[in-house]
Structures are given as structure tokens and as C-alpha cells.
Amino acid sequence: MPARHVSRVRALYRRLLLLHRVLPPDLKALGDQYVKDEFRRHKTVGSEEAQRFLQEWELYAAVLWQQANENRQNSTGKACFGTTLPEEKLNDFRDEQIGQLQELMQEATKPNRQFSITESRKPKL
């Protein structure tokens, strides 16, 4: 990404990982890994693509923040995250992006999660 975006990118990256803390552990692990992969994958894109990339992730962050607040106020205790992807937006995706989206959907809807969340501990001496 162009140098002028670097501080904006870092702040957004940190914000996303912080927002993921409100997700259930398996979705947090999936979301964190996806964010890390996507930001790594887009390190060298041009200015126009970087701008679009940042706008989409900022929109995601805003939606997740709003849903986290709504879930805190929800009296049923069941958290709800996610949103419907409009067809017109889906039509703008490249084949590679459609493949990534399908993989993400399959991973997010697996009945038995493959993630194991553990705290890292330093070995005792």
C-alpha cells in the first residue's frame, strides 16, 4: 500500500482485531486470521485499490461495532453478527474473490469448528 496509507492501515488493523474480541471464540479466530491474510495480501496494491480496500474494511468495522453494541443491549442473550451481501456488490467481485467468499462461508458454517483457542504460556523454569 502507498506510504500515505500506512498509519491509517495500522490503526484500522488494530481496531479490527480489537472489535473481534466481542465475537464468539471460533469466529474471532476465523476473523483474525482472515484480517491478517487480507492485509498481508494487499500490502503492495496501488493507491486506488488501497483506497477501496480501506473503505470496505472501515465499513466492516462500523457494522461490527454497531452489532456489538446491539448485542450488548439484547435481552435474549443470543449474539447476532453478520449482514446480507447485496447482489449488486456480489456482481462486482472477481472470480478469485468469489472463491474466497465461498471458502469463508464454508469455514464459518462448519458444525465442528477446527479452531482451538488456548492461551500461550511461558514454560516454567
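Buried means under 20% relative accessible area, exposed means over 50%, and partly exposed covers what lies in between, with a 1.4 Å probe and protein chains only. By that scale Tyr-13 is partly exposed, since its relative accessible area is 25%. Please keep in mind that this is a predicted model: local features need pLDDT of at least 70 and side-chain atom pairs count only at pLDDT 80 or more, while totals for chains, interfaces and linings use all residues. Residues are numbered from 1 along each chain as its sequence is written, and side-chain values use heavy atoms, with hydrogens and water left out.

**Helix α2**

- Helices are DSSP runs (H or I, at least four residues), as are strands (E, at least two), and they are numbered from the N terminus.
- Helix α2 covers residues 25–41, and its 17 residues should span 24 Å at 1.5 Å a residue, which agrees with the 24 Å between its end C-alpha atoms. The expected span is 1.5 Å times one less than the number of residues.
- The buried residues of α2 are Ala-29, Leu-30, Gly-31, Asp-32, Val-35, Glu-38 and Phe-39.
- These buried residues pack against α1 (6–19), α3 (47–73) and α5 (95–108), where contact means heavy atoms within 4.5 Å.

**Aromatic pairs**

- Rings of Phe, Tyr and Trp (its six-membered ring) pair if their centres lie within 6.5 Å; planes under 30 degrees apart count as stacked, over 60 as edge-to-face and the rest as tilted.
- The structure has six aromatic pairs. One of them joins Tyr-13 and Phe-39 edge-to-face, at 5.3 Å centre to centre and 65° between the planes.
- Tyr-13 belongs to helix α1 and Phe-39 to helix α2, so this pair ties together parts that are 26 residues apart in sequence.
- Phe-39 is buried, at a relative accessible area of 8%. Its ring also pairs with that of Trp-57, and this pair is tilted because the planes meet at 55°, with the centres 5.7 Å apart.
- Trp-57 is buried, with a relative accessible area of 10%.
- Taken together, ring pairs link Tyr-13, Tyr-34, Phe-39, Phe-53, Trp-57 and Tyr-60 into a cluster.

**Salt bridges**

- A salt bridge is a side-chain nitrogen of Lys or Arg within 4 Å of a carboxyl oxygen of Asp or Glu. By this rule there are six salt bridges.
- Glu-58 and Arg-8 form one of them, their closest N and O atoms being 2.9 Å apart. Glu-58 lies in helix α3 and Arg-8 in helix α1, so the bridge ties together parts that are 50 residues apart in sequence.
- Glu-58 counts as partly exposed, at 27% relative accessibility, and Arg-8 counts as partly exposed at 27%.
- Glu-38 forms a salt bridge with Arg-41, with 2.1 Å between the closest N and O atoms. The two are three residues apart in helix α2, which means about one helical turn separates them.
- Glu-38 is buried, at 7% relative accessible area, whereas Arg-41 counts as partly exposed at 40%.
- Arg-52 and Glu-48 meet through their side chains in a salt bridge of 3.7 Å, N to O. Both lie in helix α3, four residues apart, or about one turn of the helix.
- Arg-52 counts as partly exposed at 42% relative accessibility, while Glu-48 is exposed at 63%.
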